[in-house]
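I opened the notebook on this model and looked up loops, strands, charges and surface patches in turn. The entries follow in the order of looking.

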Amino acid sequence: AYKETLVKAYNYYVRFNGIPYNKPKFHVEKKLPKIPTKEQIMKIISNASRKYATIFKILLETGMMPYELSRISLKDIDLERGLITVRGFKGHSSRVFKLSSETTSMLKEYVNRYGSNKQLFPSSYYMCKMWRKVKKKVAKKLQEPSLLTIRLYDLRHYYATMLYYK
């Protein structure tokens, strides 16, 4: 996609300035996303702090983007029924997710501890930063370099794959 964007930008530049130019032809190869196993993901989540384990578990169960989670406020959470309402972002529809009882109890504990903060969840930048830190520590501890290839966004791919499989 980077190469395609670069060619497009240069094409606009040469047309604007009247420079002769033959746009190169190339084929962008679409790759399938890497889907981690539940065991790999849980190894990372179980070694995170309680705060970030809750965050990662919510992302795993809902398929939310980290930015969407960072925008969640207390009014978007129904702890009694274990529901979390997500406002759409980047063209996505708003939606409601039912959390597992384990994740709901983790979220209750999280809300009791951090619910008074102005922003309930950290920014997506800090979520990603903590994910990288934890997975690096776990990969080193368990001698599993394959864990280093799992990105936080892959939790979303895992969710989508499981939803498709159902």
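Entry 1, a loop residue. I began with Ser73, which I found in the loop between α4 (66-70) and β1. Helices here are DSSP runs of H or I with at least four residues, strands are runs of E with at least two, and both are numbered from the N terminus. The model is a predicted one, where local features need pLDDT of at least 70 and side-chain atom pairs count only at pLDDT 80 or more, while totals for chains, interfaces and linings use all residues. Residues are numbered from 1 along each chain as its sequence is written, and side-chain values use heavy atoms, with hydrogens and water left out.

I noted Ser73 as partly exposed because its relative accessible area is 23%. The classes are buried under 20% relative accessible area, exposed over 50%, and partly exposed in between, with a 1.4 Å probe and protein chains only.

I then asked in what order the strands of the open sheet lie. The order is β1-β2-β3, 3 strands with antiparallel pairing. β1 (77-78) and β3 (95-98) are at the edges and have a single partner strand each, so one side of each lacks a neighbour in the sheet. Two strands count as paired if DSSP finds at least two bridges between them. In general, strands of a sheet pair through backbone hydrogen bonds, parallel or antiparallel.

I counted bridges next. β1 and β2 run antiparallel and are joined by 2 bridges; β2 (residues 83-86) and β3 pair in the antiparallel sense over 4 bridges. Ile84 of β2 stands opposite Ile77, and its bridge partner in β3 is Phe97. Thr85 has Val96 as its bridge partner in β3. The hairpin of β1 and β2 has 4 residues between the strands, and Gly82 in the turn shows a positive phi of about 70 degrees.

How many salt bridges does a search of the whole structure find? I got 9, taking a salt bridge as a side-chain nitrogen of Lys or Arg within 4 Å of a carboxyl oxygen of Asp or Glu. One of them is Lys43 with Glu144, where the closest N and O atoms are 2.6 Å apart. That pair links distant parts of the chain, since Lys43 is in helix α2 (residues 38-46) and Glu144 is in the loop between α6 and α7 (154-165), 101 residues apart. I list Lys43 as partly exposed because its relative accessible area is 30%.

Lys75 and Asp76 also meet through their side chains in a salt bridge, 4.0 Å from N to O. Asp76 is buried at 9% relative accessible area, whereas Lys75 is exposed at 71%. Asp78 and Arg81 form another salt bridge, with closest N and O atoms 2.6 Å apart. Asp78 is partly exposed at 22%, and Arg81 is exposed at 54%. Salt bridges that share partners also join Lys57, Glu61 and Glu102 into one network.

I looked up Gln143 in the loop between α6 and α7. Its phi is near 55 degrees, a positive value in a residue other than glycine. Gln143 counts as exposed because its relative accessibility is 65%.

I searched for patches among residues with over 30% relative accessible area and no salt bridge, joining like charges within 9 Å and nonpolar side chains (Val, Leu, Ile, Met, Phe, Trp, Tyr) within 5 Å. Areas are from the Shrake-Rupley method with a 1.4 Å probe, and for residues only the protein chains shown count as cover. Lys and Arg count as positive, Asp and Glu as negative, and His and the chain ends are not counted. Each charge is placed at NZ of Lys, CZ of Arg, CG of Asp or CD of Glu.

Which residues gather in the patch of positive charge? I found Lys129, Arg132, Lys133, Lys137 and Lys141. Lys129 is in helix α6 (residues 124-142) and is partly exposed at 42%. The nonpolar surface patch is made by Tyr10, Tyr13 and Ile19 and covers about 300 Å². Tyr10 lies in helix α1 (residues 2-17) and is partly exposed at 39%.
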